[in-house]
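User: I am learning to read a protein model, and I would like to go through one slowly with you.
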Amino acid sequence: MRLFQRPIPAMGIAPAVTHAINTGMSAADTPPIILVLNGPNLNMLGTRQPEIYGYETLADIDAACKRHGANAGLSVEFRQSNHEGELVDWIQQARGRVAGLVLNAGAYTHTSVAIHDALLAVEVPVVEVHLSNIHQREPFRHHSYVSKVAKGMICGFGSHGYILALDALSRLIKAPPALPQDIEEA
Ligand code: CA2
């Protein structure tokens, strides 16, 4: 049973809590959803450039994320698109539905103001992931439009970066909202 007609805004409340309220279920009934989004060409993983991106396929990473998420009490949705607009649609649809977002935007990381703006509006904590260490690569990969709006960024650890991102989000969303009495006076 829904408690509210319209989704309550996520600002200032742990996403797991807003998710539970918006879906009308208790946090114990429904595992928080983590959406893992992958951008262009990441469907090619494991076929070329293994020295940069490793030997695993995206399907391998999907399976590892779902396995790790289940062990951590998270429900992982894993998607890939080569299309900027589709990624923007998925980010918009995440609002009020998912507790956290892991994003490897691929080359759109370095170009997409549209993805930056969608992330700003979604009010869901975002962890940016890159398989490679983008700061050791060509200068055009050093700037990220995602980093500006992400909680944090993990790069250079290959596919393990996705697992680290899930752990980071798990901590973030399970942290209860701060109560005034918990905040020490300066
Ligand atoms: O290191 C990452 O995860 C990147 O996001 C990967 C993107 C790249 O544009 C970013 O600068 C860094 C590219 C993914 C392309 O992956 C391929 C894998 C195999 C064969 C072809 C492309």
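Predicted model: local features only at pLDDT ≥ 70, side-chain atom pairs only at ≥ 80, totals over all residues.

User: How should I read the two sides of a strand, and which way do the residues of S3 point?

Analyst: In a regular strand, the side chains alternate between the two faces of the sheet. In S3, Gly 100, Val 102 and Asn 104 point one way while Leu 101 and Leu 103 point the other way, and all are buried. Five of the five residues of S3 (residues 100-104) are buried, so this strand is largely enclosed by the rest of the structure.

User: What pairs with S3?

Analyst: Strand S1 (residues 33-38) runs parallel to S3 and is joined to it by five bridges, with Leu 37 standing opposite Leu 103. S4 also pairs with S3 in the parallel sense, over three bridges, and here Val 102 stands opposite Val 127. Together, S3, H5 and S4 make a right-handed β-α-β unit.

User: Which residues of H5 are buried, and which are exposed?

Analyst: In H5 (residues 113-122), Ile 115, Ala 118, Leu 119 and Val 122 are buried. Seen down the helix axis, these buried residues fall within an arc of 100°, so they line one face of H5. They pack against helix H4 (84-93) and strand S4 (126-130), whereas Val 113, Leu 120 and Ala 121, on the other side of H5, are exposed.

Methods:
Residues numbered from 1 in each chain as written. Buried ≥ 20, exposed ≤ 12 C-beta atoms within 10 Å, placed from the backbone. Helix = DSSP H or I, 4+ residues; strand = E, 2+ residues; numbered from the N terminus. Arc of directions from axis to C-beta. Contact = placed C-beta atoms within 7 Å. Pairing = 2+ DSSP bridges. Right-handed = clockwise from strand over helix to strand, strands pointing away.
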